[in-house]
Amino acid sequence: MSFSLTCETQPTAEPVTLAEAKAFLRVDHARDDAFLGLCITTARRKIEERTGQQLLTATWKLALDRFPVGPCEIVLPKPPLQSVTTLKYLDENGTLQTLAASEYIVSTGRMPARIQPAYGTSWPIIRRQLESVQVTYDAGYVTADEVQERLGHAILGCIHWLYFERGTNSDPTATMGLPRRIEAMLSNHIVGWLWP
């Protein structure tokens, strides 16, 4: 199924503070603070990309060309899901409609989360065109502590690698742009998802 995924609102914080990163790296000066801030953001994004997860709260918009066939589910990338804000669709006349929350069920306990029609209902009939179904939702862990509990060592390891390697790739075992030691820390946190 054809789709597009857009981040509407980025996280307002990072899972590791500048002070935490400096303490981990044993950096006791402020000369590299700007660069370290960039390393922190880059580390988060690399780990999000590799795991398929959203680490801290962000708003995403998933646009599909149609609803899944029959009672099939819409799979929401970038878990963990916090909430679905809206599910909109173009009706047969081309008017954008909002599907009432009572018309669908959201499974938040799964990674990735899924949406399916409520019991006894089916997806509405839509105008078949690009991005005729749009789901806006908030995803990510709510606090930095939750992220650190799960992925803190991997994030700090990635910051260390970015800071001391300064953009070079001196690790011949690096995969997906990350050293193997960091890949090993992430291996149990990778979320896969397939369209029905």
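Q: Where does glutamate 131 lie?
A: Glutamate 131 sits in the loop between β7 (113–117) and β8 (133–139). Helices (H or I, at least four residues) and strands (E, at least two) are DSSP runs, numbered from the N terminus.

Q: Before we go on, what kind of model is this?
A: The model is predicted: local features need pLDDT of at least 70, side-chain atom pairs count only at pLDDT 80 or more, and totals for chains, interfaces and linings use all residues. Residues are numbered from 1 along each chain as its sequence is written, and side-chain values use heavy atoms, with hydrogens and water left out.

Q: OK, back to glutamate 131. What's its phi?
A: Near 55 degrees, which is positive in a residue other than glycine. Most residues other than glycine have a negative phi, and most peptide bonds are trans.

Q: Is glutamate 131 buried or partly exposed?
A: Partly exposed, because its relative accessibility is 36%. Buried means under 20% relative accessible area, exposed means over 50%, and partly exposed is in between (1.4 Å probe, protein chains only).

Q: Which lysine also has a positive phi?
A: Lysine 78, with phi near 70 degrees. Lysine 78 is in the loop between β3 and β4. At 18% relative accessible area, lysine 78 is buried.

Q: What joins proline 79 and proline 80?
A: A cis peptide bond, with omega about 5 degrees. Proline 80 belongs to the loop between β3 (74–76) and β4 (81–90).

Q: Let's zoom out. How many helices and strands are there?
A: The chain has four helices and eight strands. Starting at the N terminus, the order is β-α-α-β-β-β-β-β-β-β-α-α.

Q: What does the C-alpha trace span?
A: About 60 × 30 × 30 Å along its principal axes. The chain has 196 residues, and 43% of them count as buried.

Q: How do α1 and α2 cross?
A: Their axes come within 10 Å and cross at roughly 100 degrees. So α1 is roughly perpendicular to α2. Axes are lines fitted to C-alpha atoms, for helices over the stretch in contact, and angles run from 0 to 180 degrees between N-to-C directions. Under 35 degrees counts as roughly parallel, over 145 as roughly antiparallel, 65 to 115 as roughly perpendicular and the rest as oblique.

Q: Which residues make that contact?
A: From α1, Leu18, Ala21, Lys22 and Leu25; from α2, Asp33, Leu36, Gly37 and Ile40. Contact means heavy atoms within 4.5 Å.

Q: New topic. How many residues has the largest nonpolar core?
A: It has 25 residues, and Ile47, Ile155, Cys158, Ile159 and Leu186 have the most contacts inside it. A nonpolar core is a set of buried Ala, Val, Leu, Ile, Met, Phe, Trp, Tyr and Cys residues joined through side-chain atoms within 4.5 Å.

Q: Which helices supply at least two residues of this core?
A: Each of α1 (18–25), α2 (33–51), α3 (144–165) and α4 (180–186) does. The largest share, 10 residues, comes from α3. A second, separate core has 21 residues, including Ala113, Ile115, Ile126 and Val135.

Q: What does leucine 186 touch?
A: Ile47, Arg50, Thr51, Leu151, Ala154 and Leu178, leaving out residues up to four places away in sequence.

Q: And how many disulfides?
A: The count is zero, where a disulfide is a pair of cysteine sulfur atoms within 2.5 Å. For cysteine 7, the nearest cysteine sulfur is that of cysteine 158, 19 Å away.

Q: Last one. Which strand holds threonine 59?
A: Strand β2, residues 58–64. Threonine 59 counts as buried because its relative accessibility is 17%.

Q: Which side chain does threonine 59 join in a polar contact?
A: That of aspartate 138, at 2.7 Å. A polar contact is a pair of N or O atoms within 3.5 Å; within protein, one must be able to donate a hydrogen and the other to accept it, and residues adjacent in sequence count only if both atoms are side-chain atoms.
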